[in-house]
Amino acid sequence: MLTVALPKGALLKDSIRLFKAIGLDFSAFLESGNRQLQITDPTGTAKALLVRNGDVPVYVEYGQAQLGIVGYDVLKEKAPNVAHLIDLGFGGCRMSVAVKAESPYRSSLELPLHGRVASKFVHCAREYFENLDLPVEIVPLYGSVELGPITGMSEAIIDLVATGNTLRENGLIEIDVLFHSTARLIAHPLSYRLDSDNISQHIQNIRHQIASPV
């Protein structure tokens, strides 16, 4: 039976809508009061796991799911051993550098040498500043990273930005964009090569749906 890892949060509704369009219905995850973390499609041909966005590639890499949907930001940060298949086009956001609006910095290159940058995307942040040849200290934060500049702990942050409302409400502005992120379809490499559980047909159906949405 095909197993799909679906992400909790902002990508879930569009992910469920996509699979429903190709005949696999996992909409029970959206029902009020439903606390199930694993459900089977009514056709009995596939099941879905409901996991954190950051855990999707883990389940796929270790073969507990043959397919998964995850943000490109997670793939960039974690670099998992999975097959990258399709840019699904939804869940658009950007990985940005942000500072306090009243700070003197208006580009990453203006940040002070050995200054502090707070982020939960430690790998992405480190790679970005190494490419700029700008030595900074990356401070790992996994909660409200906006507090870094607000409290003075860091000169800047690197974080995902969708609307920018959270930054504005906390007196921060974007000064640079590392990359843009959207939802991606990924697969377990061996399952993909062996076409386990008719995975290629599902992938083909998804490609067709993305190319010609109803």
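This is a predicted model: local features need pLDDT of at least 70, side-chain atom pairs count only at pLDDT 80 or more; totals for chains, interfaces and linings use all residues.

Trainee: Where is Asp133, and why does Asp133 count as exposed?

Mentor: Asp133 sits in the loop between α4 (122-131) and β8 (137-140). A residue is buried under 20% relative accessible area, exposed over 50% and partly exposed in between (1.4 Å probe, protein chains only). Asp133 has 68% relative accessibility, so it is exposed.

Trainee: Why is Gly91 called partly exposed?

Mentor: Its relative accessible area is 34%, which falls in the partly exposed range. Gly91 is in the loop between β5 (83-87) and β6 (93-100).

Trainee: Which residues is Gly91 in contact with, leaving aside its neighbours within four places in sequence?

Mentor: Those residues are Leu11, Ser181 and Thr182. Contact means heavy atoms within 4.5 Å. Over the protein, 64% of the contacts with a separation of 6 or more are between residues 24 or more positions apart.

Trainee: What makes Lys76 and Glu127 a salt bridge?

Mentor: The rule asks for a side-chain nitrogen of Lys or Arg within 4 Å of a carboxyl oxygen of Asp or Glu. In this pair the closest N and O atoms are 3.4 Å apart, which meets the rule. Lys76 is partly exposed at 28%, and Glu127 is partly exposed at 29%.

Trainee: How many salt bridges does this rule give?

Mentor: The count is 5. Another of them joins the side chains of Asp87 and Arg184, at 3.7 Å from N to O. Asp87 belongs to strand β5 and Arg184 to strand β11 (residues 183-187), so this pair ties together parts 97 residues apart in sequence. Asp87 has a relative accessible area of 40%, hence partly exposed. Lys100 and Glu102 also form a salt bridge, with the closest N and O atoms 3.5 Å apart. Lys100 is partly exposed at 28%, whereas Glu102 is exposed at 59%.

Trainee: Why is α1 described as roughly perpendicular to α8?

Mentor: The axes of α1 (residues 12-21) and α8 (residues 199-211) come within 9 Å and cross at roughly 110 degrees. The classes are roughly parallel under 35 degrees, roughly antiparallel over 145, roughly perpendicular from 65 to 115, and oblique for the rest. The angle therefore makes α1 roughly perpendicular to α8. Leu18, Phe19 and Ala21 of α1 make the contact with Ile206, Gln209 and Ile210 of α8. Axes here are lines fitted to C-alpha atoms, for helices over the stretch in contact, and angles run from 0 to 180 degrees between N-to-C directions.

Trainee: Which residues make the nonpolar surface patch?

Mentor: Val58, Tyr59 and Tyr62 make it, with an area of about 320 Å². Patches take residues with over 30% relative accessible area and no salt bridge, joining like charges within 9 Å and nonpolar side chains (Val, Leu, Ile, Met, Phe, Trp, Tyr) within 5 Å. Tyr62 is in the loop between α2 (56-61) and β4 (67-71), and at 62% relative accessibility it is exposed.

Trainee: How much of the protein is made up of buried residues?

Mentor: They make up 45% of the 214 residues. The accessible surface comes to about 10900 Å², and 49% of it belongs to carbon and sulfur atoms. Accessible areas come from the Shrake-Rupley method with a 1.4 Å probe; for residues, only the protein chains shown count as cover.

Definitions and conventions: Residues are numbered from 1 along each chain as its sequence is written. Side-chain values use heavy atoms; hydrogens and water are left out. Helices (H or I, at least four residues) and strands (E, at least two) are DSSP runs, numbered from the N terminus.
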